[in-house]
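Trainee: I would like to go through the labels on this model and see what backs each one.

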Amino acid sequence: MSTSTTASVSTHILDTSAGRPAQGVAVHLSARTGRDADWRPLGGSATDADGRCKDLPALPEGTTHVRLDFAVEAYFEGTSKKQADVQQDAPATRDSGAVFFPEVAITFAVRPGEHYHVPLLLNPFGYSVYRGS
């Protein structure tokens, strides 16, 4: 939860190629206290069956920038065969099974007292993020 001196962050992932939440994706949270400061790893979580990380660590006071690192390669390796079987126009051997984006790193600025929900819309060949509510 955010306080008047800190911000808070939450996220979820929707696999738009399957139309379902992405379960089991590792998410790591880092923060820094200024544009030129070093990143400080705070910990992480993994998405649940609803694609949500409900237990990301709290941000320390003075945080100005946050980075969410999503480890999506393992997720797609585990789902690519199932998805290719379902999609008539997506052969299982497309791009030799390689994951195009093995990681997604999202960096954003925060202000004390605000909550930041950052959804990731994901598919094997692209992604989109936005500030949710």
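Mentor: Ser8 is buried, at a relative accessible area of 8%. The model is predicted.

Trainee: Why is Ser8 called buried?
Mentor: Buried means under 20% relative accessible area. Ser8 has 8%, so the label holds. Ser8 belongs to strand β1 (residues 8-15). Beyond its neighbours within four places in sequence, Ser8 contacts Met1, Ser2, Leu59, Glu114, His115 and Tyr116.

Trainee: What makes the pair of Phe101 and Tyr127 edge-to-face?
Mentor: Ring centres must lie within 6.5 Å, and planes over 60 degrees apart count as edge-to-face. Here the centres are 5.2 Å apart and the planes stand at 80 degrees, so the pair is edge-to-face. Phe101 sits in the loop between α1 (73-86) and β7, and Tyr127 in strand β9 (residues 126-129), so the pair ties together parts 26 residues apart in sequence.

Trainee: Why is the pair of Phe108 and Tyr116 called tilted?
Mentor: Stacked needs under 30 degrees, edge-to-face over 60. The planes of Phe108 and Tyr116 are at 40 degrees, with centres 6.1 Å apart, so the pair is tilted. Phe108 and Tyr116 are both buried.

Trainee: How do you know that Arg67 lies over the face of Trp39?
Mentor: CZ of Arg must be within 6 Å of the ring centre and within 35 degrees of the ring normal. Arg67 meets this over Trp39, at 4.7 Å from the ring centre. Arg67 also stands opposite Thr107 in β7.

Notes:
Residues numbered from 1 in each chain as written. Predicted model: local features only at pLDDT ≥ 70, side-chain atom pairs only at ≥ 80, totals over all residues. Heavy atoms only, no water. Pairing = 2+ DSSP bridges. Helix = DSSP H or I, 4+ residues; strand = E, 2+ residues; numbered from the N terminus. Buried < 20%, exposed > 50% of the residue type's maximum accessible area, 1.4 Å probe, protein only. Contact = heavy atoms within 4.5 Å. Phe/Tyr/Trp six-rings, centres within 6.5 Å; stacked < 30°, edge-to-face > 60°.
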